[in-house]
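Dear colleague,

Here is the structure for you to look over. My notes on it follow below.

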Amino acid sequence: MKQREPAKSAKSGKPGKAAAAAKPGKPESHLAMVRRARRINRELAEIYPYAHPELDFRNPFELLVATVLSAQTTDLRVNQTTPALFAAYPTPEDMAAAVPEELEELIRPTGFFRAKARSLIGLSASIRDNFGGEVPGRLADLVTLPGVGRKTANVVLGNAFGVPGITVDTHFGRLVRRWKWTEQEDPEKVEAEIAAIFPKSEWTMLSHRVVFHGRRICHARKPACGACPIAPLCPSYGEGETDPEKARKLLKYEMGGQPGQRLSPPPDYPGRPAPPLGAG
């Protein structure tokens with residue numbers, strides 16, 4: 001894969017050191033922030049034209065189950081776990097009738113397996129009994145399912161039903177605060193403030209792009225600032241490694257030449273598929 005060079009300042013031609021949004025000591029206006037946010041989204045669309053949900057799924061039920069399992073673990077571990085799970089329980093009816101101990105054993109690698117098993121059996125029973133065996137396509141219905149909150153509902157709506165939604169996970173919340181799009185910590189308040197900045201048609205893909213950037217470049221503990229293509233637009237530049245060579249060593253997944261999280265990635269994904277469970 002061809003690696004993009006770190007972004008350069010339009011004026012100096014050198015790697016950017018701070019946001020071009022506001023002069024030192026002068027607060028950024030709301031209008032300037034909105035313009036900068038939308039420019040970041042356009043830049044991310046060029047960096048990650050292949051951005052996608054990083055959970056393997058073939059239908060709404062599989063995506064719903066995988067998203068519930070993804071709490072407190074990696075998408076990779078979920079993707080390595082779900083093939084056997086869906087072979088055993090391919091439909092809500094099957095999973096609703098599961099023996100809890102047998103279901104727990106299948107999802108044990110994802111952690112918190114007892115609580116997750118209760119949620120999966122409960123949501124499957126609700127889908128069977130209240131929605132005719134089909135995953136509902138409305139947020140108001142999805143959040144009635146055991147273990148399903150707004151984040152999970154928006155993942156399913158955006159990626160299985162084509163209904164725009166903003167998914168506020170830990171990566172998304174971290175980055176939008178670093179970029180000064182919001183100061184909110186509560187996920188619902190973050191969702192509302194970011195939704196006001198972007199057209200509804202952008203919400204789902206914006207979520208994917210931001211999460212991709214958080215996983216690959218703008219890490220929680222040591223952002224790869226010196227290898228970041230949007231550095232000139234970032235007011236938090238310098239929180240991480242600014243040396244370009246050192247920063248490149250921090251890049252993850254396809255950006256770092258490593259496998260991604262999906263065992264079955266989309267055809268346009270430029271990286272390597274992840275290995276199945278037990279493959280090393």
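**Notes on the model**

Phenylalanine 112 lies in the loop between α5 (100-107) and α6 (113-130); helices here are DSSP runs of H or I of at least four residues and strands are runs of E of at least two, numbered from the N terminus. This is a predicted model in which local features need pLDDT of at least 70 and side-chain atom pairs count only at pLDDT 80 or more, while totals for chains, interfaces and linings use all residues. Residues are numbered from 1 along each chain as its sequence is written, and side-chain values use heavy atoms, with hydrogens and water left out.

**Confidence**

The average pLDDT (the predictor's confidence in each residue, from 0 to 100) of the protein chain is 92, and 91% of the residues score at least 70. Residues 1-23 have a pLDDT below 50, and this stretch has 53 contacts in the model beyond near neighbours in sequence. Contact means heavy atoms within 4.5 Å.

**Backbone**

Phenylalanine 112 is not a glycine, although its phi is positive at about 50°. With a relative accessible area of 59%, phenylalanine 112 is exposed (exposed is over 50% relative accessible area, buried under 20%, partly exposed in between, with a 1.4 Å probe and protein chains only). Tyrosine 253, also a residue other than glycine, has a positive phi near 55° and lies in the segment after α12 (244-248).

Histidine 219 is in the loop between α11 and α12 and counts as buried at 8% relative accessibility. Leaving aside neighbours within four places in sequence, histidine 219 is in contact with Arg174, Arg178, Gly214, Leu250 and Lys252.

**Cores**

A nonpolar core is a set of buried Ala, Val, Leu, Ile, Met, Phe, Trp, Tyr and Cys residues joined through side-chain atoms within 4.5 Å. The largest one has 42 residues, of which Tyr48, Phe172, Trp179, Trp181 and Ile194 touch the most other members. At least two residues of this core come from each of α1 (30-47), α9 (170-178), α10 (187-195) and α11 (203-216), and α1 gives the largest share, six residues. Apart from this core lies another, of 30 residues, including Leu55, Ala66, Ile121 and Val135.

**Cysteines**

There are zero disulfides in the structure, a disulfide being a pair of cysteine sulfur atoms within 2.5 Å. For cysteine 225, the nearest cysteine sulfur is that of cysteine 234, 6.4 Å away. Cysteine 234 has its closest cysteine sulfur in cysteine 218, at 6.1 Å, which is too far for a bond. Cysteine 225 is buried at 10% relative accessibility, and cysteine 234 is buried with a relative accessible area of 10%.

**Pocket**

The largest pocket holds about 980 Å³ of space. Its lining has 45 residues, of which Lys151, Asp169, Thr170, His171 and Arg215 lie nearest its centre. At least two lining residues come from each of α2 (60-69), α8 (150-160), α9, α10 and α11, with the largest share, seven residues, from α11.A pocket is an open set of points on a 1 Å grid over the protein atoms alone, where a 1.4 Å probe fits, with protein on both sides within 12 Å along at least five of seven lines; lining residues have an atom within 4 Å of a point. Points are joined across faces, edges and corners, and the volume is the space filled by probe spheres set on them.
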